[in-house]
Amino acid sequence: MESTNRGVTQADIDYFTSAGINVVHSNEQLGGTYNTDYFNKYHGASQTIVFPKCTSQVSTILSHCNNSHISVVTQGGNSGTAGGAMAQQHELLLSLRDMDRIRDLDVISGVLVAEAGCILETLDEHVRKFEYIVPVDLGAKKRCMIGGNVSTNAGGLRYLRYGSLHGNVLGLEVVLPDGQVLDSLFTLKKDASGYDVKQLFIGAEGTLGVVTAVSLALAPKPQSEQLVVLGMDDFVTIQRTFVLARQLLGEIVSAFEFWERRCNELVVQYEGYSSPLSATHEFHVLIETRGSLARHDWEKMDLFLARLRAGKLIGESRVVRDPAEMEQVWLFRSQMANAHMKSGCMHVYDFSLASKHQHELLRAVKAHLHRHKLYGCEQAAVRDVTFFGHVGDDNIHLQVIADEFGGAVEEAMEPWVYQWVGAHKGSVAAEHGLGAHKGQFLKYSKSPVLVDVMKALKRLLDPNDIMNPGKHVARA
């Protein structure tokens with residue numbers, strides 16, 4: 001499906017302005033972060049951005065763009081890593097920044113209704129006053145917006161405990177490409193009356209419409225929190241520890257993170273943080289628990305650590321129960337991507353892969369790049385190959401740090417790495433989305449029939465292909 005984007009004219013700008021919509025236009029190219037993604041890999045070329053303040057203004061914008069064949073790219077906090085929010089073909093940018101009202105909070109049922117431009121951390125701070133938390137927690141929470149979280153189906157650090165947005169989103173308000181407002185902003189937790197249409201827009205990355213408001217089931221604010229950082233020698237030990245954590249810590253486990261030695265070194269070197277453990281280890285593991293009774297949770301943790309020591313599974317452990325110290329440990333973990341980015345040009349890959357294949361993937365990538373004389377040899381183009389991830393939900397982040405983006409490194413990695421992941425029954429995009437680049441690799445983890453159904457949905461809802469053209473399934 002070819003896009004018929006004709007670009008934004010002065011007449012279009014005048015129309016938006018007459019409708020009371022804030023418009024920013026540049027004869028060259030918009031500055032700031034509007035045309036640069038979070039990792040500085042993808043770049044846009046948009047000259048015009050609109051800032052609607054309400055759903056009706058979004059409807060006005062899309063109705064005009066659909067009738068005039070003007071393509072639109074929606075932006076939230078612009079914290080994505082896959083280039084999905086970049087207007088690479090001079091499309092109109094639609095920012096949800098000014099749609100940041102909290103419409104309702106039901107403190108009895110624990111349901112929040114918020115507009116798409118609300119910052120994730122701001123929402124969490126608000127609901128904590130009423131003894132709730134937002135169930136999704138991301139490293140970019142100071143910047144990302146709830147509409148973007150939904151549109152990319154963001155996973156986050158505590159997916160293991162609270163599950164996906166497909167389960168926590170109760171309803172959505174979406175403006176369709178022709179300007180119609182799809183009101184499925186339900187706040188009830190049970191509804192079996194017909195197709196669950198809202199699910200189509202969770203993870204659609206702005207290709208089917210613009211999410212303008214979200215109804216979200218909240219989680220109770222934990223009364224007891226603790227974490228432990230463990231030092232380990234091999235990946236098999238991490239897997240054994242995860243099984244024991246599920247058995248002995250049970251329902252209070254909220255996060256289970258791991259990272260390898262080189263990741264730890266990069267955070268220390270480029271972010272200036274002290275390592276959470278005193279000794280050097282091949283792997284670090286962070287386990288967090290959240291519960292309702294501290295004494296009960298502490299006893300469980302003590303028993304769990306005793307079992308690990310008895311089995312000689314850990315080289316070092318550090319239990320943290322002070323809130324300020326816990327925040328520092330989480331900050332160390334959350335800065336991992338930034339540290340990699342500062343160390344070079346980061347080719348980042350976000351996969352879902354069964355735990356039994358995760359370390360195998362790292363070894364395979366290093367061997368593959370070495371065969372191409374790109375890693376582990378004199379004057380190699382690749383400086384580092386690392387991985388870290390969320391053990392509980394099978395999501396790993398693979399980083400290939402090179403001297404430049406593209407070139408021989410990308411040619412060697414792609415599509416080879418996506419084929420490898422697909423051959424091992426993995427997903428080519430776990431939580432970062434398909435964006436501007438990864439749709440072409442969808443065929444390695446999805447069947448042809450499934451891809452055809454996705455494309456048919458796009459044609460049905462956006463026949464003029466104005467919404468985020470050339471991205472997501474359009475590249476499949």
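The model is predicted, so local features are reported only at pLDDT of at least 70 and side-chain atom pairs only at pLDDT 80 or more, while totals for chains, interfaces and linings use all residues. Residues are numbered from 1 along each chain as its sequence is written, and side-chain values use heavy atoms, with hydrogens and water left out.

## Overall shape

Let us start with the whole chain. It holds 15 helices and 18 strands; these are DSSP runs (H or I of at least four residues for helices, E of at least two for strands), numbered from the N terminus. Along the principal axes, the C-alpha atoms fill a box of roughly 70 × 60 × 45 Å. The radius of gyration is 23 Å, which agrees with the value near 23 Å for a compact globule of 476 residues. That radius is taken over C-alpha atoms, and the globule rule is 2.2 Å times the number of residues to the power 0.38.

Of the 476 residues, 55% are buried. Here buried means under 20% relative accessible area, exposed means over 50%, and partly exposed lies in between (1.4 Å probe, protein chains only). The chain exposes about 20000 Å², and carbon and sulfur atoms supply 50% of that area. Accessible areas come from the Shrake-Rupley method with a 1.4 Å probe, and for residues only the protein chains shown count as cover. Among contacts (heavy atoms within 4.5 Å) with a separation of 6 or more, residues 24 or more positions apart account for 73%.

## Salt bridges

Side chains of opposite charge can pair when their charged atoms come close. The structure holds 25 salt bridges, each defined as a side-chain nitrogen of Lys or Arg within 4 Å of a carboxyl oxygen of Asp or Glu. Three of them are listed here.

| Pair | Closest N to O distance |
|---|---|
| Arg 101 and Glu 115 | 3.0 Å |
| Glu 251 and Lys 300 | 3.1 Å |

Arg 101 forms its salt bridge with Glu 115. Arg 101 sits in the loop between strand E4 (92–95) and E5, and Glu 115 in strand E6, so the pair ties together parts that are 14 residues apart in sequence. Arg 101 is partly exposed at 48% relative accessible area, whereas Glu 115 is buried at 2%.

Arg 103 is partly exposed at 29%, and Glu 173 counts as buried at 10%.

Glu 251 pairs with Lys 300. Glu 251 lies in the loop between helix H7 (235–248) and strand E13 (253–260), and Lys 300 lies in helix H9 (residues 294–310), 49 residues apart. Lys 300 counts as buried, at 18% relative accessibility. Elsewhere, salt bridges that share partners join Asp 137, Lys 141, Arg 158, Glu 225, Glu 288 and Arg 290 into one network.

## A nonpolar patch

Val 107, Ile 108 and Phe 130 make a nonpolar surface patch of about 310 Å². Patches are made of residues with over 30% relative accessible area and no salt bridge; like charges are joined within 9 Å, and nonpolar side chains (Val, Leu, Ile, Met, Phe, Trp, Tyr) within 5 Å. Val 107 is in the loop between strand E5 (102–106) and strand E6 (111–115), and counts as partly exposed at 39% relative accessibility.

## Buried residues and cysteines

Met 467 lies in the segment after helix H15 (448–461) and is buried, with a relative accessible area of 0%. Met 467 and Gly 209 are 258 residues apart in sequence, yet their C-alpha atoms are 6.7 Å apart in space. Not counting residues up to four places away in sequence, Met 467 touches residues including Leu 62, Val 72, Pro 177 and Gly 209.

Thr 241, in helix H7, is also buried at 0%. Leaving aside neighbours within four places in sequence, Thr 241 has contacts with residues including Phe 256, Ile 287 and Phe 304.

A disulfide is a pair of cysteine sulfur atoms within 2.5 Å, and by this rule the count is zero. The sulfur of Cys 263 is 18 Å from the closest cysteine sulfur, in Cys 345, too far for a bond. Cys 263 counts as buried at 0% relative accessibility.
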